[in-house]
Amino acid sequence: PGPKGLPSARTQVQKAAHRINMALACVGIDGCFGDDVNGDETRGPETTIQAPAGTLGISFGSDDTSNVIIAVRPTSPLAGSVAVGDKLVSISGPGRAPFRCGGSTGSEVVGELRAAENTGDRVLTFKKPAAFEVAAPPGALGLIFESHGPRVTALRSWSPLSGRVAVGDVLTSINGEPVAAGDGFDAAALVKGADDGSADRR
């Protein structure tokens, strides 16, 4: 096993030799950090979920207008149905005008979800992200992530991933192991910990 319990990059490459040599799985999103290089036109079809009453255990960036999930608690009733990187498109229910999330901040979206949390009539429409993979070579990658989150906020000028990873992309897995944001989450440490110095991280 590699650092922090992750499978070593070398083992992953050997096991998945039939796959192209790729690495950090990121998700292109509509973000507030610059141009959206992987916008809605690259997203999958919309999916609709009937949300139960109560807290849903999903998080959005408070000032982010992308409406993209940045964390899903393990206890969330939507766990398994939604994931980090999914974009909330609308919120609707009987007797309520649909709330289109486009242009709203994360705080506004959460407020709308809470307004009807005592009922089980919330219908949420999501779009799945267009995932892509890049081969991350050994050594520093020059990626800067948001605090306690998986989103890339900047790239160093010397980053070997420049041109393939963009500001606003969201890290979803390393070497096939999903990452989940939350208290104490450190994306940079996870990326560094998966580096065995001899092979690409997947």
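The second largest pocket has a lining of 13 residues, with T55, G57, I58, V110 and R114 nearest its centre. Strand 3 (58-60) and helix 2 (106-115) are the elements that each give two or more residues to this lining. A pocket here is an open set of points on a 1 Å grid over the protein atoms alone, where a 1.4 Å probe fits, with protein on both sides within 12 Å along at least five of seven lines; lining residues have an atom within 4 Å of a point. Helices (H or I, at least four residues) and strands (E, at least two) are DSSP runs numbered from the N terminus.

The model is predicted: local features need pLDDT of at least 70, side-chain atom pairs count only at pLDDT 80 or more, and totals for chains, interfaces and linings use all residues. Residues are numbered from 1 along each chain as its sequence is written, and side-chain values use heavy atoms, with hydrogens and water left out.

| Property | Value |
|---|---|
| Helices and strands of the protein | three helices and twelve strands |
| Buried share of the 202 residues (buried: under 20% relative accessible area, 1.4 Å probe, protein chains only) | 47% |

L155 belongs to strand 10 (residues 152-155). With a relative accessible area of 24%, L155 is partly exposed, a class that runs between buried and exposed, the latter being over 50%. Beyond its neighbours within four places in sequence, L155 is in contact (heavy atoms within 4.5 Å) with G142, L143, L161, S162, V165, A166 and V167. I144 is eleven residues from L155 in sequence, and their C-alpha atoms are 6.0 Å apart.
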